[in-house]
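Here are my notes for a colleague who has not looked at this entry before. Please read them with the sequence and the model open.

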Amino acid sequence: MIKKFAILAVSTLALAACQDQASGGQGGNRSEIRIVGSSTVFPFAKAVAEKFAADGNSAPILESTGTGGGMKLFCAGVGADTPDIANASRRMKASELAMCNENGVTDVVEVVVGIDGIAIAQANGGPSFQLTPKQIYEAIAERPYGTKNETQKWSDVDSSLPDIAISVYGPPSTSGTRDALTELIMEVGCKTDEATKALKESNGDEFDSVCHDVRADGPYIDTGENDNLIVQKLDANPNSVGIFGYSFLEENSDKVRGIAVSGVVPEYDAIASGEYPGARPLYIYVKKQHAEVIPGLQQYLTAFLDAGTKDGYLVDAGLIASPDDVRTKMTEVVANWSTVDAAALK
C-alpha cells in the first residue's frame with residue numbers, strides 16, 4: 001500500500017502519566033495533535049493544520065493511511081503514542097468501535113466535516129461516455145450476480161458502451177472510498193437483479209461477497225492510498241477510468257473530467273443535494289480521553305468546522321459544505337464532547 005506522509009512538525013514525544021476521562025487510561029503530554037486516516041480527507045485536514053499552526057498553535061502531525069488503516073491505529077489505545085484523530089471517508093463501523101472499546105478507547109466523538117462525492121472520471125481527451133451503477137458493478141465485480149466475471153471490454157458489459165478494454169484505477173480495500181464505492185454504487189447495481197437482492201435477507205455473507213467484492217484479474221487496478229496517482233494514470237491512459245474523491249476531480253479539472261452516473265455529473269450542487277449517486281459525508285473521529293491532555297484539540301475541531309462552511313476556504317479546496325442543520329449539530333457535538341452511540345453505527 002502506498003502511503004504518503006506530511007510531517008508538519010517534528011517533536012520529541014515525552015510520555016508522562018496523567019489522568020484521562022477513561023477508567024484506567026494513560027495519556028501523554030506531547031503538544032502536537034496527531035492525525036491519521038483517510039487519503040480523501042487528508043488534503044482538507046492538511047489545510048486546516050497549516051492554518052492552525054500559522055495562528056500560533058503547535059503544528060499537527062498528519063499521516064495518510066487510508067480510513068481502515070487509520071481506524072486500526074486510532075483504536076489501538078490511548079496515550080501519547082496513539083493518534084488523537086482519525087479522518088474517515090465513511091462512517092466508523094460498529095466492529096471498529098468495539099475494537100476501540102476493547103483497547104481502552106471508550107469515548108469517541110464523531111464529527112461530520114463536510115460532503116464528498118465518489119467521482120467516476122476519465123481523461124479530458126478520453127472517449128466520452130456515461131455509466132450506470134449496474135454497468136459499473138458488472139464491469140468491476142468479482143462475481144456479478146454470483147458468476148465469474150469474464151468481461152474484458154466495456155462493450156461486453158453493454159453494447160452501447162465503447163469497444164475498449166475495461167481499465168479502472170481505484171482505491172484499495174483499506175480505503176473508505178472503496179467502502180463507499182461498494183455500498184453506494186456497486187450494491188445499487190447488484191440489487192437490480194431481484195434474485196441477488198433477495199440474498200441480503202437469506203444469506204448476508206453471500207450477498208456481501210457477490211455485491212461488494214472487486215475483481216482482481218486485471219481490469220480493476222488497485223492504486224493504493226494515492227489519489228493523485230490515479231489522476232496521473234488517467235492522463236497517461238486516456239481510455240481508462242478512475243475512481244476517487246470529488247476534491248481530486250475539482251483540483252485536476254485541467255486533466256480529467258467527471259463521468260455522469262445515472263445521467264448526473266459529479267458536480268458541487270449535484271453532490272450537495274444528494275442527486276449524484278456517489279455522494280457521502282466525510283468524518284473525523286476524536287478521542288475524548290485526550291481532550292484535557294493534548295493542547296488545542298477542541299480548537300482544531302472548531303477550526304475544521306469553520307473552514308468547511310459555504311464561505312470557508314475548504315470549499316475552495318473541493319470540500320462540499322454540510323447542510324446548515326448538520327453543521328449546527330456538529331458544533332454542539334464539539335462544544336459538548338458528545339460521544340458516538342454504538343447503536344447508531346449498526
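The points below cover the disulfides, a charged patch and one threonine.

1. The structure is a predicted model. Every value in this note should be read with that in mind.

2. Number and pattern of disulfides. With sulfur atoms within 2.5 Å taken as a disulfide, the count comes to 2. Counting the bonded cysteines along the chain, the pairing pattern is 1-2, 3-4.

3. The link of Cys-75 and Cys-100. These two cysteines are joined by a disulfide, with an S to S distance of 2.0 Å. Cys-75 sits in the loop between helix H2 (67-74) and strand E4 (85-88), while Cys-100 belongs to helix H3 (residues 94-102), so the bond ties together parts that are 25 residues apart in sequence. The disulfide is left-handed because the torsion about its S-S bond is about -70°. As for cover, Cys-75 and Cys-100 are both buried.

4. The link of Cys-190 and Cys-211. Here too a disulfide is present, and the S to S distance is 2.0 Å. Cys-190 is in helix H6 (residues 176-190) and Cys-211 is in helix H8; the pair links distant parts of the chain, 21 residues apart. The value about the S-S bond is -55°, and the link is left-handed. Cys-190 and Cys-211 are each buried.

5. A patch of negative charge. Which residues gather in the patch of negative charge on the surface? They are Glu-142, Glu-183, Asp-205, Asp-208 and Asp-213.

6. Asp-213 is placed in the loop between helix H8 (204-212) and strand E7 (220-222). Is Asp-213 buried or partly exposed? Its relative accessible area is 30%, so Asp-213 counts as partly exposed.

7. Thr-196. This residue lies in helix H7 (residues 194-202). Thr-196 is buried because its relative accessible area is 5%, and the limit for buried is under 20%. How far is the C-alpha atom of Thr-196 from that of Tyr-313? The two C-alpha atoms are separated by 44 Å, and the residues are 117 apart along the chain.

Conventions:
Residues numbered from 1 in each chain as written. Predicted model: local features only at pLDDT ≥ 70, side-chain atom pairs only at ≥ 80, totals over all residues. Heavy atoms only, no water. Patch = residues over 30% accessible without salt bridge, like charges linked within 9 Å, V, L, I, M, F, W, Y side chains within 5 Å. Areas by Shrake-Rupley, 256 points an atom, 1.4 Å probe, with all protein chains shown as cover. Salt bridge = Lys/Arg side-chain N within 4 Å of Asp/Glu carboxyl O. Lys, Arg positive; Asp, Glu negative; His and termini not counted. Charge placed at Lys NZ, Arg CZ, Asp CG, Glu CD. Helix = DSSP H or I, 4+ residues; strand = E, 2+ residues; numbered from the N terminus. Buried < 20%, exposed > 50% of the residue type's maximum accessible area, 1.4 Å probe, protein only.
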